[in-house]
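Reader: Please take me closely through one part of this structure, with the contacts that hold its elements against each other. I would like the cut-offs spelled out as you go.

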Amino acid sequence: MNASIFPVASSLDTYGTPPLLIAASSEAAASRASEIALSAELPFVSVSLEELPSRLDRQAKAAAIWLEIDGDLGSVLDRILDRIDAEAAADRFPMVIAAPLSLIDPISARIHHPDVELVFDGTPADRAAALALARWRKAYKNDGVAEDITQEPSAARLRQLSDEVSRIAATLARLSVGPDVPVERPPPPTGNAPTVALDAVHQVIRARRVRARYFDEELFADPAWDMLLDLLQAEIAQHRVPVSSLCIAAAVPATTALRWIKTMTDGGLFKRRADPHDGRRVFVELSSNASNAMHRYFGEVGKAVVI
C-alpha cells in the first residue's frame, strides 16, 4: 500500500498541520478513508493495520487515528482493537473506527472507551461527522472550550449529532432511578413490580413494527424505547442479546444505535456482559433498576395498547 500523496516523514511534526493517520485493511479501505481526509483538508498518511502498532510507538502528533476495516482479520484485528482502546484510554489522539455492520460484535467486545467514534456501514457524511466529533471532543478536553464546529466538515451533521446527544441525556435524566447494584442477573420483580407476560411485550414490539408498514419509520424513531422493550422481552424469555441484535431492534442506523447503547450503559440502564464462550462478543441486558422500572410500567398501564 502506498503511503499517501503526502511524503512520509519519520515524525509527523514535519507537517504544518498534523495529518490524519489512516490504518486500513486494504487499498480500497485506504481510499475511502483518504477521501474523508481530503474533504476535511487534512494531510494524511496511510499504513496497513499490521504496521499501525509500530507507527503508534513513534507517533508524535496526529489530527486523528482512523481505522478503516472492510473485513474480519481475526486475531490480528483483535490485537489492533486492544491497542486502539488502550491509546484512547491514554488520551493521545482522537480515534475513529469505520467498519462493515458484520463486525459490530467483535469490535464492540474490545472497544470500551467512550471517546472512540464507531461508524458501521456509514456514508461519507457519517464518516466526516465522526471525524469532526472526535476532533472536537479532543479539542474541548484539551482547551476546556469548544472550537468553532462550523469550520469542521459536515457542520450541519455534527450539530445534528450534538442535538441527539442532548436529547439522549434528557431522556436518561427522566428514566434514571438511581445507581445500579451489580448483580449476576436482574432479580425477579417483587413488591410493586409485577410480573410481565412475555406475550404482552411481544405484542407491543409487533405493533411498533406493523406501524412501519404504513408510515416512515423515521417519523417515530425512538431507539431507547425499542431497545428497552427488546431487552425486557429477552429477560423474560431468558435469552441473551448481543450488541448486533440490539442494534437491529433499535430500528435506526447501527452507528446511532451504538451511541444510544453507550449512553444508556453509562446512565446505568444497560449492562454489558462478556460472552464467556466467545471473547469476540458482548451481551447487553437491562440493569436491575431498569428491569424493575419496566415491570412497574407495564403493571401500571395494564392491558392498554402501548406503542
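Author: Two aromatic pairs are counted when rings of Phe, Tyr and Trp (for Trp, its six-membered ring) are taken to pair if their centres lie within 6.5 Å, with planes under 30 degrees apart called stacked, over 60 edge-to-face and the rest tilted. One of them joins Trp225 to Tyr297: the ring centres are 5.3 Å apart and the planes stand at 85 degrees, so this pair is edge-to-face. Because Trp225 belongs to helix α8 and Tyr297 to helix α11, the pair ties together parts that are 72 residues apart in sequence. The model is a predicted one, in which local features need pLDDT of at least 70 and side-chain atom pairs count only at pLDDT 80 or more, while totals for chains, interfaces and linings use all residues. Residues are numbered from 1 along each chain as its sequence is written, and side-chain values use heavy atoms, leaving out hydrogens and water.

The helices named here (H or I, at least four residues) and the strands (E, at least two) are DSSP runs numbered from the N terminus. From α8 come Trp225, Leu228, Leu229, Leu232 and Glu235, and they meet Ser291, Met294, His295, Tyr297 and Phe298 of α11, contact meaning heavy atoms within 4.5 Å. This contact of α8 with α11 has seven nonpolar, two polar and one charged residues (Ala, Val, Leu, Ile, Met, Phe, Trp, Tyr, Cys and Pro count as nonpolar, Asp, Glu, Lys and Arg as charged, and the others, Gly among them, as polar).

Helix α8 (residues 223-237) also packs with helix α10 (residues 254-266), at an angle of about 70 degrees and with the axes 10 Å apart, which makes α8 roughly perpendicular to α10. Their crossing is right-handed (a crossing is left-handed if the near helix is turned anticlockwise from the far one by less than a right angle, and right-handed if clockwise). Pro223, Ala224, Met227 and Leu228 are the α8 residues that make this contact, and Ala257, Trp260, Ile261 and Met264 are those of α10. By class, the contact of α8 with α10 holds eight nonpolar residues, no polar and no charged.

Helix α7 (residues 198-211) is a further partner of α8, for the two axes come within 9 Å and cross at roughly 150 degrees. Helices α7 and α8 are therefore roughly antiparallel to each other, and their crossing is left-handed. On the α7 side the contact is formed by Leu198, Val201, His202, Val204, Ile205, Arg208 and Arg209, and on the α8 side by Trp225, Asp226, Leu229, Asp230, Leu232, Gln233, Ile236 and Ala237. Nine of these contact residues are nonpolar, two are polar and four are charged.

Five bridges join β7 to the antiparallel strand β8 (residues 282-286), where Leu286 stands opposite Phe270.

Notes
Axes are lines fitted to C-alpha atoms, for helices over the stretch in contact, and angles run from 0 to 180 degrees between N-to-C directions. Angles under 35 degrees count as roughly parallel, over 145 as roughly antiparallel, 65 to 115 as roughly perpendicular and the rest as oblique. Two strands pair if DSSP finds at least two bridges between them.
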